[in-house]
Amino acid sequence: MNVLLLSIIVLIYLFIIGYLAYIAYRRTTTATDYMLAGRNIHPYIMAISYGATFISTSAIVGFGGAAGVFGMGILWLTFLNIFMGIFVAFVFFGKRTRTMGLNLNAHTFPEFLGLRFQSRFLQGFSGLVILVAMPLYAAVVLMGGAQFIAQVLSVDYNAALFFFTIIMAIYVIMGGLKGVMYTDAFQGSVMFIGMFVLLVMTYTKLGGVVTAHSKLTAMSDIAVQIFGAKGHTGWTSFPVFGSEYWWTLVSSVVLGVGIGVLAQPQLVVRFMTVKANRELNRAVLVGGVFILMMTGVAFIVGALTNVYFFNNPNFNKIALLAADKNVDNIIPLYISNAMPHWFTALFMITLLSAAMSTLSSQFHTMGTAAGRDVYEKWLGGKGSPVLITKMGIMVTIIISLIIAWGLPFFFEGGTAIIARGTAIFFGLCAASFLPMYVGGLYSKKINKQAALWGFLSGVIVSLFCLFFIHTKESQSLLVCKALFGVDSLAAGTKWEFVDPLIVALPVSILVTIIAGFFGKQLPEEHINKCFQGIK
Amino acid sequence: MTILGLGDFNVSLVFILLILSTLLCVIYGIVRWNEDGEDAKISGKEKQWDKEEKNIEETL
């Protein structure tokens, strides 16, 4: 890689980001009614900003790499990303969240839940769950960027990780958390161009759409030979029903992330920043196309890397083996070998954009969870929560870095670590937050007890499955081994491959419904306030 | 039944669903472009929300 070219392009990019952040800052401090400008935000800006926050290096590098292993069956996740993550999220959740959030004057997702169910404990404990679990998600976003830098510049992964985290920390501390809509939208536009070019160049390189697919289909014998025992049938077909690969693909990757997106704390708050539900209608248009171009391209290209690596005399191997069983290095290795230098530089800023836009909202969410949700509202801390918020951000950056450093030791070789880490976080969010969030938006009868017990059961069952059932994690966590002498209580059965979400979400829904029969209804006056303006 | 050189019906189906779900978003956006705009005036609630949000941003 031409380091000089890469450095120049990255510096120009960082200058533009800095300039946009400055403009946004100026605008919000000089306008007399500063936020009117904010609320006049164009639906394109809102949708791209939402999409850029949603899609990170985890989706492009991590899940793209997972596509190199599982094949194009992973595109079911893209379908859910578009249908659930955009259409259902905006149309069925966004509009009500916006109206109810304004009725309650809620500013964070935990605060929305706490005010809706009149429970400070719920707000504080939700904030705590976010504080404890979200660093894992931030860590895998850092890993995705670091993996690419390490590959492109031929430097050690840990050095790349440290360097990348420093850049991100500077961005976050220098004001990357404020007025992010415009920088997010610019970053989203860079991502769109980068991924579009990647798709076109990959298909062109492999002989066109149908030819490229046909070449990959013709490699199915190799897939069966290597992964057949786990249920693989080829990279353009779905795994054998009920096999280990089927359960991992369907329960962890597709459903875990596909459903979990509906209860992402950093995304939910975005709905409250537009001036009318009309803007959400318009944003659906842009968002759908954007997501197709993000995960759709990453997964198609990820699977097709097998054709490239297998037919390249320098490798003559499938993607996973070409990347030395490091799933997360499949996409970086492909870009640095198959693409011209100018594209590697473009992809570098694509990934910087993907990481920055997601990390800024993650640290915004973790900072407010520490300062507002836990310290100010739950523990009743007096005075300004500035110090706690800033400390929360600093500590979570450091913890995220440590997790990103440690994860490769935690999982066994050949695991799609970034995808797995993301799925754990998304699954936990779905199991703990989703039932009460949906109930809070759509039911006037759901009460505080239902929300609390559903939430706690979702958290507890998720953790139990992670520690004692789902072998991918329980094996490395060692608690099950220490207590019961086995890696998983379900060892030898299909349950050891079933994602915690598949058990925890139904339990959480059931407990929410049953607990609703007990306890007091919320005051009618409060319910009327919540649902004011909701048709 | 397969399309575009893909290996099975399942993956062929998801390619079709990707196009259809994106079209759904595009058509929904176009058809409802001007719907739900009655609350487009900035209300007192929104002003209050925005001021509070500004205060929160100061803590970051």
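Modeller: A pocket here is an open set of grid points with protein on both sides within 12 Å along at least five of seven lines, and its lining residues have an atom within 4 Å of a point. Note too that this is a predicted model.

Biologist: Which residues lie nearest the centre of the largest pocket?

Modeller: The largest pocket holds about 770 Å³ of space. Its lining is made of 32 residues. Those nearest its centre are Val132(A), Ala133(A), Pro135(A), Leu136(A) and Ile403(A).

Biologist: Which element gives the most to the lining of the largest pocket?

Modeller: Several helices of chain A each supply at least two residues of that lining, among them α7 (120–152), α17 (341–378) and α18 (386–410). The top contribution is 10 residues, and it comes from α18(A).

Biologist: How many residues of that lining are charged?

Modeller: The lining of the largest pocket has 28 nonpolar residues and three polar ones. The count of charged residues is one.

Biologist: Which element gives the most to the lining of the second largest cavity?

Modeller: Elements of chain A that give two or more residues to this lining are α4 (57–70), α5 (75–104), α14 (277–311) and α19. By class, the lining has nine nonpolar, five polar and no charged residues. The leading share is three residues, from α4(A).

Biologist: Now the two chains. How many salt bridges are there between chain B and chain A?

Modeller: The contact involves 44 residues of chain B and 61 residues of chain A. Between them the chains bury about 5,000 Å², with 65% of it on carbon and sulfur atoms. Residue pairs in polar contact, both at pLDDT 80 or more, number 11. For salt bridges the count is zero.

Biologist: Which element gives the most to the side of chain B that touches chain A?

Modeller: Two elements of chain B give two or more residues to that side, α1 (9–31) and α2 (44–58). The residues of this side divide into 19 nonpolar, 10 polar and 15 charged. The element that gives the most, with 15 residues, is α1(B).

Definitions and conventions. Residues numbered from 1 in each chain as written. Chains lettered and ligands numbered in written order. Predicted model: local features only at pLDDT ≥ 70, side-chain atom pairs only at ≥ 80, totals over all residues. Heavy atoms only, no water. Contact = heavy atoms within 4.5 Å. Buried area = accessible area lost by both parts, 1.4 Å probe. Salt bridge = Lys/Arg side-chain N within 4 Å of Asp/Glu carboxyl O. Polar contact = N/O pair within 3.5 Å; in protein donor to acceptor, adjacent residues only side chain to side chain. Helix = DSSP H or I, 4+ residues; strand = E, 2+ residues; numbered from the N terminus. Nonpolar A, V, L, I, M, F, W, Y, C, P; charged D, E, K, R; others polar. 1 Å grid on protein atoms, 1.4 Å probe; cavity = no way out; pocket = protein on both sides within 12 Å on 5 of 7 lines; lining within 4 Å. Points joined across faces, edges and corners; volume = space filled by probe spheres on them.
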